[in-house]
Amino acid sequence: MSEPDAIVTAGQKRALLKRLLMPWWTLVFPLLGLLAIAVSLYEMGAAGTVVASIILFGCVLSAVHQAEVVAHRVGEPFGTLVLAVAVTVIEVSLIVSLMLSDAGDASSLARDTVFAAIMIILNGIVGVCLLAGGARHGEQRFSLRGASSSLNVLTAMVVLSLVLPNYVSSAPGPTYAPSQLIFVAIVSVILYGTFVMVQTVRHRDYFLPADEDMPADAHAEPPSNAAAWAALGMLLVALVGVVLLAKGLSGIVEAAILNAGLPLAIVGVVIAALVLAPESLAAYRAARRNRLQTSLNLALGSALATIGLTIPAVAIVSLMLGLPLALGIGTKQMILLVLSLFSITLTLGNGRTTVLGGAVHLVIFAAYLFVTVVP
């Protein structure tokens, strides 16, 4: 990079800071989301459902904007953790509330939602990001050490949580005995905690983009502390709106799915897609701006958080309340999971990506959706 190209002009800095300030819609939609939840707008006929869906989409866009403000303030890789952890914590609340409801088979619904989130992240989000980034920038680079560390931890947690329950004999069916469930919950938390420490402290450089890969606006002055705290507050409000509106709309979606004679597992796909919408859009925008490292940090980090936080929380609730919890996935899902992990290992195996990797993962994601709808 030549010296003149490395200079960020005052006009570029002002443009970025202006973009990072809170536009009116980033404040209005989260508040409208809370209002829609308070009056149960999604229960007011077809018109209410449409308006609630529009507000939900607005909350997603607001969450992405606020997350970008916070991320620019705290820097990488802490910024990518903000949205991943926040979304996953609220996803836990949504899954637990579904377990406590009378909607369908609660034990398998929790498993289906977690598995759907993993498939959406590994194939849907990663596929779209690689395809969009590759189409615009050609070959993109990222830190191989960071991706390898993430995939190593993810593989261990996924197998222990979703595959091993099918092969233990202490409990009938694809379930763990209470002691086994406690053990898996503990090791999941340990693995996720160790990963976060490595990502943010011990080997932080593994997850940072190279200087030459950073766009010019990444070097602009970050927003003030007050702006960052305000953005964090609105981020939480927007995420609450996303999850609670998704929960309200999921009942309508579930009824439509059951009336159409489709598998109940589709409900888990819809819930996971709605909850992961903020992360998906944030990762896509990062890839389009040639910040593939940030995009992968968001995608793989959210996959790790989904297992490392969701499974222990669901396990605790099921043990405390005596609820059945089926974690083991079927043979069909197991094949898709192995294919996804094997493919993403090859895709991210040399520190460079092209549109080909994105196309492969989107095909796998399409196959997952197809066999879910047509089992």
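Gly146, Ala147, Ser150, Phe207, Gln293, Leu296, Asn297 and Leu300 line the largest cavity, where lining residues are those with an atom within 4 Å of a point of the space in question. The model is a predicted one, so to speak of local features takes a pLDDT of at least 70 and side-chain atom pairs count only at pLDDT 80 or more, while totals for chains, interfaces and linings use all residues. Numbering starts from 1 along each chain as its sequence is written, and side-chain values use heavy atoms, with hydrogens and water left out.

As for the hole itself, a cavity is a set of points, on a 1 Å grid over the protein atoms alone, where a 1.4 Å probe fits but cannot get out. The structure holds one cavity of 30 Å³ or more, and the largest cavity contains about 40 Å³ of space. Volume here is the space filled by probe spheres set on the grid points, which are joined across faces, edges and corners. Two helices, H7 (144–163) and H12 (292–321), each supply at least two residues of this lining; H12 gives the most, with four residues. Helices are DSSP runs (H or I, at least four residues), numbered from the N terminus. Sorted by class, the cavity lining comes out at four nonpolar, four polar and no charged residues. Nonpolar covers Ala, Val, Leu, Ile, Met, Phe, Trp, Tyr, Cys and Pro, charged covers Asp, Glu, Lys and Arg, and polar takes the others, Gly among them.

Next come the pockets, a pocket being an open set of points with protein on both sides within 12 Å along at least five of seven lines. The second largest pocket has about 190 Å³ of space. Its lining runs to 15 residues, with Asp112, Phe115, Ala265, Gln333 and Thr372 nearest the centre. Helices H6 (106–137), H10 (265–275), H13 (331–347) and H14 (355–373) are the elements giving two or more residues to that lining. Nine of the pocket's lining residues are nonpolar, three polar and three charged.

Now for the helix packing. H11 (residues 277–288) and H12 have axes that come within 7 Å and cross at roughly 160°. Axes are lines fitted to C-alpha atoms, for helices over the stretch in contact, and angles run from 0 to 180 degrees between N-to-C directions. H11 is therefore roughly antiparallel to H12 (over 145 degrees; under 35 is roughly parallel, 65 to 115 roughly perpendicular and the rest oblique). The crossing is left-handed, that is, the near helix is turned anticlockwise from the far one by less than a right angle, with clockwise being right-handed. Contact (heavy atoms within 4.5 Å) joins Glu279, Ala282, Ala283, Ala286 and Ala287 of H11 to Leu292, Thr294, Ser295, Leu298 and Ser302 of H12. These residues split into six nonpolar, three polar and one charged.

H11 also packs on H4 (residues 45–74), their axes coming within 8 Å and crossing at roughly 55°. That makes H4 oblique to H11, and this crossing is right-handed. On the H4 side are Val60, Leu61, Ala63, Val64 and Glu68, which meet Ala277, Pro278, Leu281, Ala282 and Arg285 of H11. This contact has eight nonpolar, no polar and two charged residues.

H3 (residues 24–38) and H9 (residues 225–259) pack at about 40°, with axes 9 Å apart, and are therefore oblique to each other. Their crossing is left-handed. H3 brings Thr26, Leu27, Pro30, Gly33, Leu34, Ala36 and Ile37 to the contact, and H9 brings Met234, Val237, Ala238, Val240, Gly241, Leu244 and Leu245. Eleven of these residues are nonpolar, three polar and none charged.
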